[in-house]
Amino acid sequence: RVNPLVLGIETSCDETGIGIVRGATLLSNTIASSMDEHARYGGVVPEVAARAHLEELVPAIRAATLEAGIRLEDIDAVAVTCGPGLAGALMVGVGAAKALAISLGKPIYAVNHLVGHVGADVLRLGPDDMTEPLEYPTIALLVSGGHTSLLLVRDLVSDVELLGETIDDAAGEAFDKVARLLGLPYPGGPQIDRAALAGNPTAIRFPRGLSQTKDMAKHRYDFSFSGLKTSVARWVEQKRDADEPVPLADVAASFREAVVDILLTKAIAACVDLGVPRLLLGGGVIANARLRQVAQERTDAAGIALRIPPLSLCTDNGAMIAALGAQLIMAGHPPSALDFGADSTLPV
Ligand code: KG4
Ligand code: ZN
């Protein structure tokens, strides 16, 4: 099948994403986020996210078809995230996708959210987008508020291996929690990024989780951020107890530096160990300016080709799900049977 027209549905967390692609070309990418509703709780509330998806899905589908200039009945297939993610949120998307596929008489492809993040990289933004196709194998580092995963991708549609992941908080979650203890609003990532601008990243040496020799045998490609968070909390507490001012910019810059160092040390170690000279980044934390800068410096130094899709395709979205669905179709994969469920812990 050449260049199928695929509608993708993403509802694994707080973004209701509808994307439409033709083959590897992006036609529309509509996102409605319930982020604001979660802000006063300091993190995503699953029940609130699921209800928001229910309200946003149909308008988002309308908006996406309008933007793509297509009629719903023209699509060749529906693709939907069936996991991993928040169970209730996933169920809303899966239910909607099935209803759509059945009513249109079209096939449906249930896809993995993490593999979807990698799929984002195959998308061309239009006929003039001359980005080279994704080459294999590649290491992929996916960092968001919900996940921190390191993947070895030998083939997008048939061979993706999980090398490691966080054993506690996700990287974005760490940003959100540290921002909170510094008195900054949610989501904390952009706030810390901004506060860090005026700070010295070497002012305070915060610990790099799971990087000691003793941890490396068992957790070579795994991540840990809870010790770092506790260390920042303790440092700030001591200052406050001593009635000393907390140097916000320095704490933000030093914390950010630790997260960036942890993420890239592991990702580049995977590239080197496995002889894979390519690194792909994805997820909302990629918005972090320092992470992108250090990633460029370290991959350049190691002779590794770095790929970062546009930010609108790095954060959770439906286009990456549609793109993966289209790749599956073009590779001749059969559609999913209609009795699949939502799996909050779906492995890659
Ligand atoms: O992928 P994403 O939009 O959504 C989900 O996690 O589902 O990622 C959001 C996460 C939040 O934790 C947010 O604090 C973090 O990404 N984030 C950042 C930055 N912008 C967003 N973290 C660090 N630096 C940033 N500039
Ligand atoms: Zn994601």
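Mentor: Val-80 counts as buried because it has 31 C-beta neighbours inside 10 Å; buried means 20 or more other C-beta atoms within 10 Å of its own, exposed means 12 or fewer, partly exposed lies in between, and C-beta atoms are placed from the backbone. This is a predicted model, in which local features need pLDDT of at least 70 and side-chain atom pairs count only at pLDDT 80 or more, while totals for chains, interfaces and linings use all residues. Residues are numbered from 1 along each chain as its sequence is written, and chains are lettered from A and ligands numbered from 1 in the order in which they are written.

Trainee: Where does Val-80 lie?

Mentor: Val-80 is part of strand β4. Strands (E, at least two residues) and helices (H or I, at least four) are DSSP runs, numbered from the N terminus.

Trainee: Which residues is Val-80 in contact with?

Mentor: Leaving aside neighbours within four places in sequence, its contacts include Ile-9, Val-94, Ala-97, Ile-108 and Ile-321. Two residues are in contact if their C-beta atoms, placed from the backbone, lie within 7 Å.

Trainee: How many residues of β4 are buried?

Mentor: Seven of the seven residues of β4 (residues 77-83) are buried, so the strand is largely enclosed by the rest of the structure.

Trainee: Which strand pairs with β4 over five bridges, and in what sense?

Mentor: That strand is β5 (residues 108-112), and the pairing is parallel; strands pair if DSSP finds at least two bridges between them. Val-78 stands opposite Ile-108 in β5. Strand β1 (residues 5-10) also runs parallel to β4, joined to it by four bridges, and there Val-6 stands opposite Ala-77.

Trainee: What do β4, helix α3 and β5 make?

Mentor: With α3 covering residues 87-104, they make a right-handed β-α-β unit. Right-handed means that, with the strands pointing away from the viewer, the path from the first strand over the helix to the second runs clockwise.

Trainee: A change of topic: which residues does the UniProt "binding site" cover?

Mentor: The unreviewed UniProt entry gives His-113, His-117 and Asp-316. Although spread over 204 residues of sequence, they cluster in space, with a largest C-alpha distance of 8.7 Å. UniProt annotations may be inferred rather than shown by experiment.

Trainee: Is His-113 buried or exposed?

Mentor: His-113, found in helix α4 (residues 113-119), is buried, with 26 C-beta neighbours inside 10 Å. Asp-316 sits in the loop between α11 (311-314) and α12 (318-330) and is buried too, with 29 other C-beta atoms within 10 Å.

Trainee: What is Asp-316 in contact with?

Mentor: Setting aside neighbours within four places in sequence, Asp-316 is in contact with Glu-10, Ser-12, Cys-13, Glu-15 and Gly-17. Ser-12 is also one of the contacts of His-113.

Trainee: Now helix α10: which of its residues are buried?

Mentor: Leu-291, Ala-295 and Thr-299 are buried in α10. Seen down the axis of α10, the buried residues fall within an arc of 50°, so they line one face; the arc is that of the directions from the helix axis to the C-beta atoms.

Trainee: Why do residues three or four places apart point the same way?

Mentor: An α-helix has 3.6 residues a turn, so residues three or four places apart point the same way.

Trainee: What do the buried residues of α10 pack against?

Mentor: They pack against α9 (248-274), β9 (278-282) and β10 (305-307). The face turned away from the buried side carries exposed residues, including Gln-293, Glu-297 and Asp-300.
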